[in-house]
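Dear colleague,

I am handing over the structure shown below. The findings follow after it.

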Amino acid sequence: MQSRPMKIGVFGNFGIGNFGNEATFAAMLDTLKRFRPDAELTCICTNPDQVRQDYGLQAVPLNTAGRSPLMRKLSNIWYAIEVVRKLDVLIIPGTGILNDYCAPPFGLPYTLFRWSLAARLCGTRLALVSIGAGPLHHGLTKWFVLRSAAMATYRSYRNEFSKNYLAGLGFDVSNDPVYPDLAFALPIPSAPPQAAPAQRLTVCIGAMHYQGWRGHLETDENIYETYLGKLRDFALWLLERGMRVQLVMGDERDWRAVCDLRQAISAARPSLPDDLVVVERAAGWQDAFRQLRAADIVVATRFHTLVFALMLGKPTISVGYSEYHAELIETMGLGGFAQHSESIDLEVLINQFSELSSNRAKYEPVIMQRAETARSMLADQEQKVMHRLFGQSSQPLGATKDVAVS
């Protein structure tokens with residue numbers, strides 16, 4: 001008698017136009033299709049219609065409607081149980097799922113807790129694979145996140161920052177491994193035919209619609225305007241020295257930042273030839289790769305824009321909004337080439353850029369070697385996770401059912 005196909009759920013903030021999230025999702029789908037091609041996959045996500053359209057997968061929403069806030073919370077608990085009880089495994093792949101960026105306690109943190117609890121109640125194995133954690137600012141958010149993590153059969157983190165952050169909250173991470181971000185496992189889109197060497201150095205600037213960590217909850221246009229002003233001044237410095245600037249995005253919401261930055265550059269240099277500042281809207285992570293491939297140097301804010309650039313071997317400077325951006329840069333052999341989005345020092349940025357551009361031949365092979373190491377580490381994690389989730393052994397790897405949380 002033939003056994004039924006294994007049923008696997010993949011949970012995350014997918015279908016919303018965030019290129020990093022989509023790349024992470026694509027990497028996990030690639031792994032599952034290679035290891036369990038017979039499995040029935042269901043994506044539990046923010047925008048199931050988009051996921052169905054993009055991937056042809058069965059997809060359901062994170063939440064269901066209710067007539068009142070109380071009824072909605074109650075109905076969402078039962079809804080999660082109804083979905084999860086049909087699954088053998090629930091996987092949460094990568095992303096900064098254990099932080100509170102632009103998220104109130106009863107937003108994604110509570111949603112994560114609800115689905116994790118449903119998995120525990122239904123006996124469904126829960127795996128958190130190369131996830132990002134912290135910072136967390138609200139006491140209730142910490143409670144939801146820590147208890148969600150404690151219910152996992154398997155946990156690994158995409159950087160030391162995430163592991164250490166949870167450890168600092170009293171969470172037992174002693175058996176949890178650290179592996180690179182899942183996007184490093186993606187096959188790099190093929191390159192177009194090699195063109196003649198460009199006459200000008202091309203610098204890609206990854207602009208983000210960044211309004212502070214709490215972003216859309218407490219909109220701070222001053223943070224955004226100051227940040228964008230620094231990128232404008234840097235772009236003008238590049239242009240004055242005969243370089244070509246390409247503005248890139250890492251999320252559909254970043255199109256505003258790209259357009260605002262282009263307008264600010266034009267206002268300062270109205271006679272600038274159009275071909276010196278390139279602006280092209282990207283439709284996804286594949287487009288982002290294509291645009292970044294044209295760069296000689298990359299300066300970017302979004303975490304996965306940095307990842308994509310580094311996968312391509314591009315000397316890269318982070319102007320990101322968390323310590324884990326700087327850790328990524330250091331891990332890839334570029335220690336010291338990072339600043340925080342809210343305290344960009346133009347003089348320091350120019351010095352960082354000058355060092356990278358003058359010594360590209362020194363840094364590029366180091367970056368490529370580190371990217372290959374990341375791919376090898378993720379291949380090792382694939383084998384371990386797939387064996388633990390789908391093999392005969394039920395002994396958890398890197399986590400236990402009962403984890404101390406303070």
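This is a predicted model: local features need pLDDT of at least 70, side-chain atom pairs count only at pLDDT 80 or more; totals for chains, interfaces and linings use all residues.

Residues are numbered from 1 along each chain as its sequence is written, and side-chain values use heavy atoms, with hydrogens and water left out.

Cysteine 43 is likewise buried, at 1% relative accessibility. The cysteine sulfur closest to that of cysteine 45 belongs to cysteine 43, at 3.7 Å, which is too far for a bond. A disulfide is taken as a pair of cysteine sulfur atoms within 2.5 Å, and by this rule the count is zero.

Helices (H or I, at least four residues) and strands (E, at least two) are DSSP runs, numbered from the N terminus. Two strands pair if DSSP finds at least two bridges between them.

Strand β4 (residues 89-93) pairs with β5 in the parallel sense over five bridges. Within this pairing, isoleucine 91 stands opposite alanine 127 in β5. From β4 the chain passes through helix α4 (residues 108-122) to β5, a β-α-β crossover that is right-handed. Right-handed here means that, with the strands pointing away from the viewer, the path from the first strand over the helix to the second runs clockwise.

Strand β5 is mostly covered, with six of its seven residues buried. Strand β5 (residues 125-131) also runs parallel to β6, and three bridges join them. The bridge partner of leucine 128 in β6 is arginine 155. The chain reaches β6 from β5 through helix α5 (residues 139-150), and this β-α-β crossover is right-handed. In strand β6 (residues 154-157), Tyr154 and Ser156 point one way, Arg155 and Tyr157 point the other way, and all are buried.

**Aromatic rings**

Rings of Phe, Tyr and Trp (its six-membered ring) pair if their centres lie within 6.5 Å; planes under 30 degrees apart count as stacked, over 60 as edge-to-face and the rest as tilted. The structure holds 22 aromatic pairs. One of them joins tryptophan 143 and phenylalanine 144 edge-to-face, at 5.8 Å centre to centre with 75° between the planes. Tryptophan 143 is partly exposed, with a relative accessible area of 38%, whereas phenylalanine 144 is buried at 5%. Ring pairs link Phe106, Tyr110, Phe113, Trp143 and Phe144 into a cluster.

A charge sits over a ring if NZ of Lys or CZ of Arg is within 6 Å of the ring centre and within 35 degrees of the ring normal. The charged end of arginine 158 sits over the ring of phenylalanine 303, 4.4 Å from its centre. The charged end of arginine 158 also sits over the ring of tyrosine 324, at 5.3 Å from the centre.

Tyr324 is one of the buried residues of helix α11 (residues 323-331), together with His325, Glu327, Leu328 and Ile329. Just after α11, glycine 333 takes a positive phi of about 85°.

Yours sincerely

Notes
Buried means under 20% relative accessible area, exposed over 50%, partly exposed in between (1.4 Å probe, protein chains only).
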